[in-house]
Amino acid sequence: MDILTRSQSAKIRSSGTPQIVLKARNVVRRFGGVVALNNLDLDVVEGQILGLIGPNGSGKTTFFNVLTGIYAADEGAISFLEKEITNLPAPQVFRSGIARTFQRARVCLSLSVFDNIVLGDHPRLQQGLVFNLFRRSSFRREYEECVERVRELLEMFAPHLVAKMFEPVETFPMIDRRRIEVCRALFSSPRLLLLDEPSAGMTHEETRLLVDEIVALRTKRHKLSIIIVEHEMDLISRITDRCVVLNFGSKICEGTYDEIASDRNVQEAYLGVEA
Amino acid sequence: MNSISIYRNIFVSVLLGTLFVVAMMMAESQVAVLSLIVLAAVSCIVLQKKGVIRKLGSDFASAEKFANGTIMIGALATAVVFAGDHFILLMLTTVLIYVVACLGLNIQFGYAGMVNFAGAAFFGAGGYAAAVLTMQTGLPHLVVLVIGGLVAVIVGFLLILPVLRTRGHYAAVVTIAFSLLFRTLVEVSPVLGGAQGSPVTGMVIFGWNFNEGYQIAGFDVSFYINYFLFALILTAVTFTIVRRVERSWIGLNMDSIRIDETASACFGMNVARWKVTAFTIGNFFMGIIGAFYAMMLGFIAPNNFTFGDSLIMVSIILLGGIGSIWGIILATGIVIILPEKLQIIQEYRFLIFSLGVILVLLYRPNGLLSRAARTYFPGLLRGAR
């Protein structure tokens with residue numbers, strides 16, 4: 001199956017072979033007797049947006065959790081940028097360049113926008129006790145640098161939040177919380193971004209805005225690859241280069257949105273088999 | 001808003017607060033004490049309704065150094081007023097001791113979200129360290145204080161594995177069990193004096209004997225003034241360190257793991273590291289101040305750190321406001337002084353505190369003085385301009 005889109009094949013023809021950043025092979029994850037992921041193979045090409053879709057309980061979020069080290073895989077291997085990351089603990093997966101958002105915008109509501117975003121690059125901050133508690137002028141320099149970096153990031157992705165950088169996140173509507181969550185995930189300049197149902201809990205209008213912003217993201221971060229889990233098919237059709245469809249933990253189809261939308265297996269998975 | 005009025009407001013409110021504390025200490029009859037309590041409660045409610053408390057809060061925040069200095073002077077002035085009174089100085093010093101212990105607990109419970117019902121046990125560990133070291137060795141007492149803190153930390157390490165592997169209620173049960181276990185262990189240990197307890201030497205630092213009073217111009221000054229002043233210094237140091245923890249990446253990490261451990265791990269945070277850090281710093285403060293407390297009393301027994309005392313420490317934090325340093329200081333004052341002054345409630349104090357905690361949780365879930373949003377460097381221009 002051709003995993004490149006038309007526009008990308010054109011780009012790649014000029015620059016050589018496409019780089020596959022994430023390679024998952026035969027990933028299996030069981031919960032008791034339930035097979036949540038069944039021999040899943042999945043590739044992500046640099047700069048592409050991959051849509052991961054499927055009915056409820058088909059294993060999409062489980063894949064994210066296995067990939068980011070929250071769950072261990074029972075079998076299989078995952079490599080990222082040619083490094084083996086299978087079953088590494090979550091902090092190490094993050095350090096290898098994979099950042100994510102969560103299904104229910106898991107931002108820290110009582111903390112400020114700045115606090116939330118700065119947490120997104122935890123490994124780069126100096127964590128020594130002496131540095132933090134007693135070398136306050138050095139700490140202040142690092143802090144001011146961070147304020148500047150957070151401001152730049154917000155100016156790029158959510159300019160209206162710049163002036164409200166020190167206000168608690170709980171004062172913002174859902175769409176801004178999502179934006180903050182995406183900014184937190186982008187703050188460390190990851191190579192792979194995992195978006196878990198970014199449209200959940202938002203209105204149609206808000207979803208449309210968010211899609212535009214994700215599309216704009218691509219032009220700002222060329223090397224960033226994205227996997228997006230989504231139920232909103234309109235969103236999937238507008239932004240993905242390629243889709244993988246899961247059903248009961250197995251991949252049932254892969255291709256461009258148009259290809260998978262006309263696939264019989266996919267229609268059956270979503271609508272049921274005719275009797 | 002001009003700055004003169006900010007300074008004036010701070011000065012006037014600290015002055016009023018100090019006068020209130022002095023009046024409270026002086027009040028002898030139960031009627032006088034009760035009316036003072038009612039006066040304070042009513043004026044707080046009225047001021048809150050009129051928005052004065054809010055305004056004062058922002059004034060205190062905008063001139064923090066001045067406010068802290070003024071409060072320090074207010075505390076010193078109170079000590080001067082009661083310089084001759086053993087009982088009142090002892091009570092005020094006890095407040096400061098509990099403030100330090102609760103600030104330690106606040107790092108664990110308020111910041112990192114680790115429920116610790118063994119606060120009094122770590123306090124007692126420091127106290128027993130002081131007993132053994134002052135009676136058996138000639139170590140300088142400042143060193144004894146630090147070792148008291150370290151002993152509490154080491155005792156805490158025994159608990160670290162179960163605490164790291166449990167969350168919420170289960171972690172609470174682990175610490176409750178430990179608290180009871182520790183007390184029983186001390187009670188049956190002949191080396192530590194068993195149920196009778198053990199004597200502790202009074203504090204001497206660089207020849208400054210804390211157990212000697214003074215005569216100034218024919219006026220007898222209680223020796224407790226030494227303990228009060230030293231406790232005030234310890235409180236100021238602890239206050240500064242806890243503030244800096246809050247206003248650094250460390251405080252941010254702790255907040256983050258309290259709110260969402262999984263998300264923190266997904267952003268590269270070593271959750272266990274920050275739990276251990278919070279547990280260690282908190283126990284260190286509890287141990288140091290426990291050692292100091294033992295030296296002040298000249299005696300330590302298992303009864304000085306019952307499970308009830310651990311509960312009091314947790315309820316102080318709930319009452320004052322989880323994570324709120326000033327809230328904890330206020331709540332400690334209320335919880336320690338109230339039963340002493342209001343003898344009629346002595347027997348019912350646990351009942352009254354539990355009622356207080358329930359009322360606060362129902363109507364002011366963030367505590368009497370809720371924690372303010374983090375400012376890393378107060379006074380620095382916030383936000384974008």
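This is a predicted model: local features need pLDDT of at least 70, side-chain atom pairs count only at pLDDT 80 or more; totals for chains, interfaces and linings use all residues.
Which residues does T94(B) touch, not counting residues up to four places away in sequence? They are M296(B) and I336(B). T94(B) has its place in helix α5 of chain B, which covers residues 86–111. With a relative accessible area of 14%, T94(B) is buried, because buried means under 20%.

## The nonpolar cores

Helix α5(B) also matters for the next topic. The largest nonpolar core has 165 residues, and those with the most contacts inside it are F114(A), L154(A), W249(B) and F292(B). The largest share of this core comes from α5(B), with 17 residues. As background, nonpolar side chains in soluble globular proteins tend to be buried together.

Leaving out residues up to four places away in sequence, L154(A) touches V113(A), I117(A), P159(A), L161(A), V162(A), M165(A) and C183(A). There is also a second, separate core of 26 residues, and V44(A), L50(A), I85(A) and I98(A) are among its members.

## Aromatic rings

How many aromatic pairs does a search of the whole structure find over all chains? The search finds 31. One of them joins F31(A) and Y71(A) in an edge-to-face arrangement, with 5.2 Å centre to centre and 80° between the planes. F31(A) lies in strand β1 (residues 20–31) of chain A, while Y71(A) lies in the loop between α2 (60–67) and β4 (75–80) of chain A, so the pair ties together parts that are 40 residues apart in sequence. F31(A) counts as partly exposed at 33% relative accessibility, and Y71(A) counts as partly exposed at 28%.

Another edge-to-face pair is made by F223(B) and Y227(B), at 6.5 Å centre to centre and with 80° between the planes. Here Y227(B) counts as buried, at 0% relative accessibility.

Ring pairs link F114(A), F131(A), F139(A), Y143(A), F166(A), W249(B), Y376(B) and F377(B) into a cluster. F377(B) also has a charged neighbour: R140(A) lies over the face of its ring, 5.1 Å from the ring centre. In chain A, the charged end of R106(A) sits over the ring of F102(A), at 4.7 Å from its centre.

## The six-stranded sheet of chain A

Six strands of chain A form an open sheet with mixed pairing, in the order β6-β7-β8-β3-β9-β10. Its edge strands are β6 (98–100) and β10 (250–255), each of which pairs on one side only. On average, neighbouring strands of this sheet are turned by 20° against each other, direction ignored.

Here are some strand pairings in chain A:

| Strands | Direction | Bridges |
|---|---|---|
| β3(A) and β8(A) | parallel | four |
| β7(A) and β8(A) | parallel | five |
| β9(A) and β10(A) | antiparallel | five |
| β1(A) and β4(A) | antiparallel | five |

Individual residues show how the strands line up. I226(A) in β8(A) is the bridge partner of I49(A), L195(A) stands opposite I228(A) in β8(A), and V245(A) stands opposite C253(A) in β10(A).

Is β8(A) largely enclosed or open? Five of the five residues of β8(A) are buried, so this strand is largely enclosed by the rest of the structure. Both of its faces are covered, with S225(A), I227(A) and V229(A) buried on one side and I226(A) and I228(A) buried on the other.

Helices cover this sheet as well. Helix α8 (residues 204–220) of chain A lies across β3, β7 and β8 of chain A and runs at about 165° to β8(A). Helix α2(A) packs on the sheet too, touching β3 (49–53), β6, β7 (192–196), β8 (225–229) and β9 of chain A, and its direction makes about 145° with that of β7(A).

## The four-stranded sheet of chain A

A further open sheet in chain A has four strands in the order β2-β1-β4-β5, with antiparallel pairing. Its edge strands, β2 (34–45) and β5 (83–84), each pair on one side only. In β4(A), I78(A) is the bridge partner of A24(A).

Note on methods. Residues are numbered from 1 along each chain as its sequence is written. Chains are lettered from A and ligands numbered from 1 in the order in which they are written. Side-chain values use heavy atoms; hydrogens and water are left out. Helices (H or I, at least four residues) and strands (E, at least two) are DSSP runs, numbered from the N terminus. Buried means under 20% relative accessible area, exposed over 50%, partly exposed in between (1.4 Å probe, protein chains only). Contact means heavy atoms within 4.5 Å. Rings of Phe, Tyr and Trp (its six-membered ring) pair if their centres lie within 6.5 Å; planes under 30 degrees apart count as stacked, over 60 as edge-to-face and the rest as tilted. A charge sits over a ring if NZ of Lys or CZ of Arg is within 6 Å of the ring centre and within 35 degrees of the ring normal. A nonpolar core is a set of buried Ala, Val, Leu, Ile, Met, Phe, Trp, Tyr and Cys residues joined through side-chain atoms within 4.5 Å. Two strands pair if DSSP finds at least two bridges between them. Axes are lines fitted to C-alpha atoms, for helices over the stretch in contact, and angles run from 0 to 180 degrees between N-to-C directions.
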